[in-house]
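Please read it alongside the sequence and the structure shown here.

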Amino acid sequence: MAITQEMINRINELYHKSQAEGLTAEELEEQKKLRRAYIDAVKGNISSLMYTVDTVNEDGSITNAGEEHAARMKKKQ
């Protein structure tokens with residue numbers, strides 16, 4: 001899910017309202033969902049970006065950061 005400026009604005013509105021007067025149960029749920037969507041989008045962007053990063057090892061070989069990360073995550077499972 002792509003994060004729109006409207007979603008960011010709503011996250012900020014809910015934050016400011018929570019500080020000023022508090023949120024209703026529905027607004028708390030909305031805030032939770034919007035924050036989760038934002039975090040997931042950022043993680044996805046970082047994950048995608050990792051596949052564009054290559055490192056040159058001391059032995060001259062090249063390692064792709066995204067592939068290395070995916071291999072480590074697979075080992076953890």
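## Terms and basis

Buried means under 20% relative accessible area, exposed over 50%, and partly exposed in between (1.4 Å probe, protein chains only). By that scale R10 is partly exposed, because its relative accessible area is 26%.

The model is predicted, so local features need pLDDT of at least 70 and side-chain atom pairs count only at pLDDT 80 or more, while totals for chains, interfaces and linings use all residues. Residues are numbered from 1 along each chain as its sequence is written, and side-chain values use heavy atoms, with hydrogens and water left out.

## The nonpolar core

A nonpolar core is a set of buried Ala, Val, Leu, Ile, Met, Phe, Trp, Tyr and Cys residues joined through side-chain atoms within 4.5 Å. The largest one here has six residues, namely M7, I11, L14, L23, L34 and A37. Helices α1 (5–20) and α2 (25–50) each supply at least two residues of this core, and α1 gives the most, with three. Helices (H or I, at least four residues) and strands (E, at least two) are DSSP runs, numbered from the N terminus.

Contact means heavy atoms within 4.5 Å. Setting aside neighbours within four places in sequence, L14 is in contact with L23, E27, E30, Q31 and L34.

## Salt bridges

Side chains of opposite charge can pair when their charged atoms come close. A salt bridge is counted when a side-chain nitrogen of Lys or Arg lies within 4 Å of a carboxyl oxygen of Asp or Glu. The count comes to five salt bridges. One of them joins R10 to E13, with the closest N and O atoms 3.2 Å apart. These two are separated by about one helical turn because they are three residues apart in helix α1. E13 is partly exposed at 46%. R10, E13 and E30 are linked in a network of salt bridges.

In helix α2, R36 and D40 are four residues apart, about one turn of the helix, and their side chains meet in a salt bridge (3.0 Å, N to O). Both count as partly exposed, R36 at 42% and D40 at 40%. In helix α3, E68 and R72 are four residues apart and therefore separated by about one helical turn; their salt bridge has an N to O distance of 2.6 Å.

N64 lies in strand β2 (residues 62–64) and counts as buried at 12% relative accessibility. Not counting residues up to four places away in sequence, N64 touches M50, Y51, V53 and D54. A polar contact is a pair of N or O atoms within 3.5 Å; within protein, one must be able to donate a hydrogen and the other to accept it, and residues adjacent in sequence count only if both atoms are side-chain atoms. The N64 side chain makes such a contact with the side chain of D54 (3.0 Å). A polar atom of the N64 side chain also lies 2.9 Å from the backbone oxygen of Y51.

G66 is in helix α3 (residues 65–76) and is buried at 2% relative accessibility. Residues up to four places away in sequence aside, G66 touches M50 and Y51.

## The loop at D59

D59 lies in the loop between β1 (54–56) and β2. D59 counts as exposed because its relative accessible area is 64%. The side chain of D59 makes a polar contact with that of S61 (2.6 Å). D59 and S47 are twelve residues apart in sequence and 26 Å apart in space, C-alpha to C-alpha.
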